[in-house]
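Biologist: I would like to know what stands behind the terms used for this model. Take me through them, please.

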Amino acid sequence: MAITTRQTEGFTMPELEYLAQNESITIVPLHRMDRIELVRGAIGPFRPPQKTVVPLWVAIMLKRTNRCRIVAPKWMQYEHLRDLYKREEQPDAMFTRLPIYYLEIAHMLLTFAEDDLVESQGIRRLLQDLREVRQSKTMEGLRMLNSLQLQMDNLSMAEINEIRPLFGHSFDMLRQLDGLAQATETEQQQSQFADQSYAEMDDAFGSRYVH
Amino acid sequence: MDTQDSFSGALDSNLGLYDDAATSNFEARLEASDSMDVEPEVASTSVRIHATFGVEDEDVELGIDKEAHEDDEDDEEDVAEDDLSLLMRSWVNERSSPEILEYEGATIENLMELVDFQTQKMATQQAALANILRMDVDRVKYLVRSYLRTRLSKIEEHARHYIKETMYRERLSQNELEYAKGYVELEERHVRRSFLDQLPPHLRGLEDVTAEGLEMVPKPDLDAAVFCRVRATVGEFQFEPSEAPIVMRRNNIFITRYSIIRNLLEDGKVELI
């Protein structure tokens, strides 16, 4: 096995954080530094107190050695999250718009740059609430699943990854049942003996579960 | 979310986290693959360094203001994608798709050239800067490794099918093709030795198609469920001939059958997530 079983079912949490770390974030450098050429492009120059945009992983590295302050993204500010939560909570509301890696980014910022966040406790709580509302909404969505497609806009990467096994398997199961239903339908039309086709359906079910 | 420990570990030991147990076995194999050993004497002129990081397409400031320009979301994604972002997307696609996808050989070669160039530069820098450069390079290496390993696991799963079909054979790199052939051989020898040779002669066959016309080679399930996100507005799209079309706009997310969006994925109109 070139990758683990867990990895064939989706992404692991560290992998998602790896992806999220490529997102850009604004920092205020605390030390002077020249431009740095990275594989993906140049960052800097760092001239305190001028803000500059860097990938999140650079921001975290600098933060850990106390060489920058991270500017919290707007969506992660307390007031914004509170409004989002209110909207999210409305009955029949769609999923609100959040960055695709919002959970990973929020988790990393709360871990490494808590002192740069205003009302970090409140933010933590709101994120938790937001997540729970969205989770229960996703589960509602499972009811609407059919064997063709289901649109689920604004779900984040972590949320999708979380529901992937359940939704994926349910979807595949529905698909198989659909195929089976169609097959029996045509058969029933052809044969006068409905009982016989039921027996065949049982066979088909049996063989699918045996292995 | 208890990843904090492992995560800080990763930062401390520069990606120590990613060198999990499984890595060691495959290191040797991957080392041998062409993409990893690029000739060291890369002239600095041939190395492309991309545009400034800050001016990336839509995700400046983490896409906070998306709501504000919801309307002009249609004409984006025309900006040329850098190699790293491209490989990142290919990696995610590869991980989520049931079949093996086109090999990103040129991209990997470019990236490995850059990695070599950056590694040479590292030696002359002061510690703090060198650390950032090393982390950057390690992140690229990790991505390349994980990408190749994902493909290997898929090749192992359907090796026979992939070397049989021309379409798939063309998607594999030279090394991957050899790997697939070797894998099939090994598997066949193992199966024969462990039990097939003890069966009555008429049950020993390993043909691709039996005399009764039964196909024996397992295929990837192209109808498997996938999650996809629309990258460039597609417009009305018919998921099934009998159903009403659905408008696919940028950033819409769907769960659907892989076979339905297969062509859109090839055109880069959607990405798997």
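Modeller: Start with contact: two residues are in contact if their C-beta atoms, placed from the backbone, lie within 7 Å. Keep in mind that this is a predicted model.

Biologist: What makes domain 1 and domain 2 of chain B touching neighbours?

Modeller: By that 7 Å cut-off, 10 residues of domain 1 of chain B are in contact with 14 residues of domain 2 of chain B. The assignment puts 21-49 + 72-219 in domain 1 and 221-273 in domain 2.

Biologist: How do you know that E1(B) and E5(B) pair?

Modeller: Pairing takes at least two bridges. E1(B), residues 225-230, and E5(B) have 3 bridges, so they pair, in the antiparallel sense. Arg229(B) stands opposite Glu271(B) in E5(B).

Biologist: Why are E6(A) and E5(B) called edge strands?

Modeller: The open sheet has 4 strands, in the order E6(A)-E4(B)-E1(B)-E5(B). E6 (149-151) of chain A and E5 (270-272) of chain B each pair on one side only. The twist averages 30° from one strand to the next.

Biologist: Which helices lie across these strands?

Modeller: Helix H3 of chain B, residues 83-96, lies across E1 and E5 of chain B, at about 65° to E5(B). Helix H9 of chain B, residues 258-266, lies across E1, E4 and E5 of chain B, at about 120° to E4(B).

Biologist: Where does the name "GINS subunit" come from?

Modeller: From an unreviewed UniProt entry, which lists that domain for residues 128-192 of chain B. In the model, this stretch is 94% helix and 0% strand.

Notes:
Residues are numbered from 1 along each chain as its sequence is written. Chains are lettered from A and ligands numbered from 1 in the order in which they are written. This is a predicted model: local features need pLDDT of at least 70, side-chain atom pairs count only at pLDDT 80 or more; totals for chains, interfaces and linings use all residues. UniProt positions are given in the numbering used here, feature names are shortened, and annotations may be inferred rather than shown by experiment. Helices (H or I, at least four residues) and strands (E, at least two) are DSSP runs, numbered from the N terminus. Axes are lines fitted to C-alpha atoms, for helices over the stretch in contact, and angles run from 0 to 180 degrees between N-to-C directions. Domain bounds come from an automatic or database domain assignment.
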